[in-house]
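Subject: Structure handover

Dear colleague,

Here is the structure for your files. Please look it over alongside the notes that follow.

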Amino acid sequence: MAEYKLEMSTGDQAFSGTFDCIYVTLIGTEGESERTNLDNFGIDFIAGKVGSYTVKTSLHLGQLLLVKLEKDANFKILDDAWFCSKIVVTTPEDDVILFPCYRWVSDGEQVELRGGKAMKAFEDDHPLLTDHRKRELICHKDLYQWGTYGERLPHIASFKDSSEIPDEDRFSVSKTYEFAFGKEFTLVELKLKGTNNSTKQWEDFEAMKNVFWFKNTPMSEYVSEHWMEDDFYGFQFLNGINPNMIQRCLELPHNFPVREEMVKPFLDSGSSLQREMEKGNIFLSDYKGLCGLSTKVENGEVLPLTPGLCLFYMNPENKLMPIAIQLTQQPSEQNPIFLPSDPECDWLLAKMFVKHADGIYHQFVYHLLNTHFLAEPFAVATLRSFPVIHPLYKLLIPHFRYTFQINVVGRKILLSPGGPLHTTSLTPEGLVELMGRAHSETTYSSLCLPENIRARGLESVPNFYYRDDGLKLWNIINSFVKAIVDHYYPSDSDVCRDSELQDWINEIFTQAFLGNKSSGIPAAFHTVEEVTRFITMLIFNVSCQHAAVHLGQFEYECWIPNSPLLMRKAPPTMKGQSSMKTIFETLPTVGQTVGFMASGWVLTKKYTDSIPLGLYPDEHFDEPAPKQMIKEFQAELSFLSETIAARNAGLVVPYNYLNPTEIENSITI
Ligand code: FE2
């Protein structure tokens with residue numbers, strides 16, 4: 001007779017528990033237990049509860065390989081699904097083995113769990129385990145299939161609707177309600193005020209401040225007060241929500257003929273543009289990627305989207321100042337170079353058109369494409385290639401929580417006709433074309449922050465908090481990933497032998513990067529170092545980079561003049577012709593403005609079940625080594641958080657988007 005003690009954990013979210021009967025069968029190398037009904041006095045499987053049970057067997061089962069779970073309905077009409085978090089088994093020899101589950105169990109299913117140490121395919125030496133591994137992958141390949149969204153775009157999961165997403169991958173009940181009610185309450189307020197469908201144009205900026213009664217933050221108020229100031233304008237290209245465009249300018253582009261005398265008054269006295277370029281103090285944002293994109297027609301007018309160029313100067317006070325703007329790529333008399341010394345409304349409009357271009361790039365390229373739409377094929381490849389016992393499944397799966405659903409919802413609501421991202425200047429074809437162009441030029445090194453910063457010549461720019469915090473985060477993530485990868489892959493030959501790992505990176509190369517060799521994305525791994533670099537890049541982009549481009553949407557983009565996603569009137573072709581009236585005619589209507597603001601609020605509000613970077617409430621690893629590495633990762637993140645908070649306390653405009661307490665493990669919104 002042998003006794004196995006089981007601790008059965010039911011998930012703590014709403015409706016995780018069940019009144020149904022739960023059966024367990026323990027399967028070992030020497031045989032299997034009876035199918036045992038786990039039944040203590042009272043209700044056994046209540047949400048959040050851990051129940052202790054004993055399974056007795058006539059013979060010792062040998063090495064424990066699998067735990068089989070089954071559920072039978074007590075009330076035959078209803079399948080009262082059960083969310084099992086984990087099972088901890090103590091063997092007769094007092095070995096304690098973790099069997100992570102984290103899935104729903106329904107009637108008629110036989111859920112077989114593997115437990116213990118993380119294992120790669122070539123380490124499995126028992127036919128039952130090899131067979132289980134194969135069956136699990138076949139099942140996952142059937143469940144997680146590839147789909148497409150647009151030409152030249154990363155492939156997506158095939159789910160068309162949230163209802164098609166496996167239950168484990170869907171929003172929790174609390175997230176579903178908070179998301180739905182947040183949207184509805186926001187719309188109710190706008191309806192009460194009669195602004196949501198208004199086609200009127202704004203008459204003054206004060207009225208814009210009253211769109212919402214309560215939905216302002218100190219930063220959104222700061223933006224509404226300071227958006228016209230040149231130094232705050234420049235600041236945003238480093239520390240706003242799109243720090244991705246700007247680069248050092250060592251030579252003016254041939255199509256941007258800024259002359260010395262034009263900008264001399266804005267440089268340090270006695271200096272010149274040439275000298276400042278040589279000193280590394282001149283920067284450029286170039287929106288040439290927007291050339292020729294199709295835009296909507298509104299009231300018979302084609303909406304403008306200007307592929308402009310904006311030149312900046314880092315002045316001796318370490319303030320980044322815009323000093324010249326050209327709104328389209330081809331220089332001509334009808335495309336003047338605007339300067340800070342021009343009439344106020346000319347300069348303001350020129351800056352607004354640049355921010356319009358910047359906002360479109362931010363939303364569609366740096367936010368949607370490079371974080372949301374890359375995370376999705378990373379997640380599909382992970383689920384298709386790795387069984388749950390694989391160490392990289394255990395490492396990566398928390399970084400894909402809710403990503404399928406937010407992307408499905410995003411495509412269905414935000415990007416569908418009438419949705420807020422559908423009401424930008426771009427037509428749906430223009431939007432797909434922009435993302436397709438950008439994706440075909442996306443490189444592996446551009447997704448790796450240290451190389452990205454170097455390539456843009458931004459290593460020594462002062463007061464660049466996105467870079468400072470981002471690089472620290474990159475290094476912390478890299479140390480953590482390196483520790484885990486080194487632990488499970490002691491040599492390069494372990495990498496080469498891991499067929500599942502090779503399948504994973506090959507799926508990513510072909511499905512996420514469409515087999516584009518010039519991207520530099522590997523199609524196979526040969527060394528441990530290559531694996532570490534890729535996984536660091538992945539985790540950084542789905543957590544930190546997403547936070548950097550997502551969290552400030554309300555604060556920076558919802559003061560619409562600061563970052564309009566739509567402009568209604570063509571840009572000025574001559575100086576001295578624009579007035580405040582022109583600016584209000586150019587800005588989105590009242591209805592369009594409040595639509596953008598409402599979605600910004602819903603997307604950036606805090607959700608109660610968010611999980612910060614580095615917290616892993618679901619236990620996937622059973623060995624002490626990775627558990628200790630997770631603790632060290634958390635300690636480093638916590639220290640960085642304190643450092644950032646101390647730094648921010650001394651700043652007029654704090655930068656908190658890369659504070660680890662604000663970053664989520666995955667793209668959930
Ligand atoms: Fe997002």
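Two strands count as paired if DSSP finds at least two bridges between them. Helices (H or I, at least four residues) and strands (E, at least two) are DSSP runs, numbered from the N terminus. This is a predicted model, in which local features need pLDDT of at least 70 and side-chain atom pairs count only at pLDDT 80 or more, while totals for chains, interfaces and linings use all residues. Residues are numbered from 1 along each chain as its sequence is written, and side-chain values use heavy atoms, with hydrogens and water left out.

The sheet

An open sheet is formed by 5 strands in the order S12-S13-S16-S17-S18, with antiparallel pairing. Its edge strands are S12 and S18 (337–338), each of which pairs on one side only.

Strand S12 (residues 247–248) runs antiparallel to S13 and is joined to it by 2 bridges. Here Gln-247 stands opposite Leu-284, and Arg-248 stands opposite Phe-283. S13 also pairs with S16 (residues 309–314), in the antiparallel sense, over 5 bridges; in that pairing Phe-283 stands opposite Phe-312.

S13 (residues 282–286) is largely enclosed by the rest of the structure, because 5 of its 5 residues are buried (under 20% relative accessible area, with exposed over 50% and partly exposed in between; 1.4 Å probe, protein chains only). Ile-282, Leu-284 and Asp-286 point one way from the strand, Phe-283 and Ser-285 the other way, and all are buried.

Helix H8 lies across S16, S17 and S18 and runs at about 90° to S17. Contact means heavy atoms within 4.5 Å. Axes are lines fitted to C-alpha atoms, for helices over the stretch in contact, and angles run from 0 to 180 degrees between N-to-C directions.

H8 and H15

H8 (residues 344–385) packs against H15 (residues 499–512) at an angle of about 150°, with the axes 9 Å apart. That makes the two helices roughly antiparallel (over 145 degrees; under 35 is roughly parallel, 65 to 115 roughly perpendicular and the rest oblique). Residues making the contact include Leu-374, Pro-377 and Phe-378 of H8 and Trp-504 and Ile-508 of H15. The contact residues divide into 7 nonpolar, 2 polar and 4 charged (Ala, Val, Leu, Ile, Met, Phe, Trp, Tyr, Cys and Pro are nonpolar, Asp, Glu, Lys and Arg charged, and the others, Gly among them, polar).

Regards
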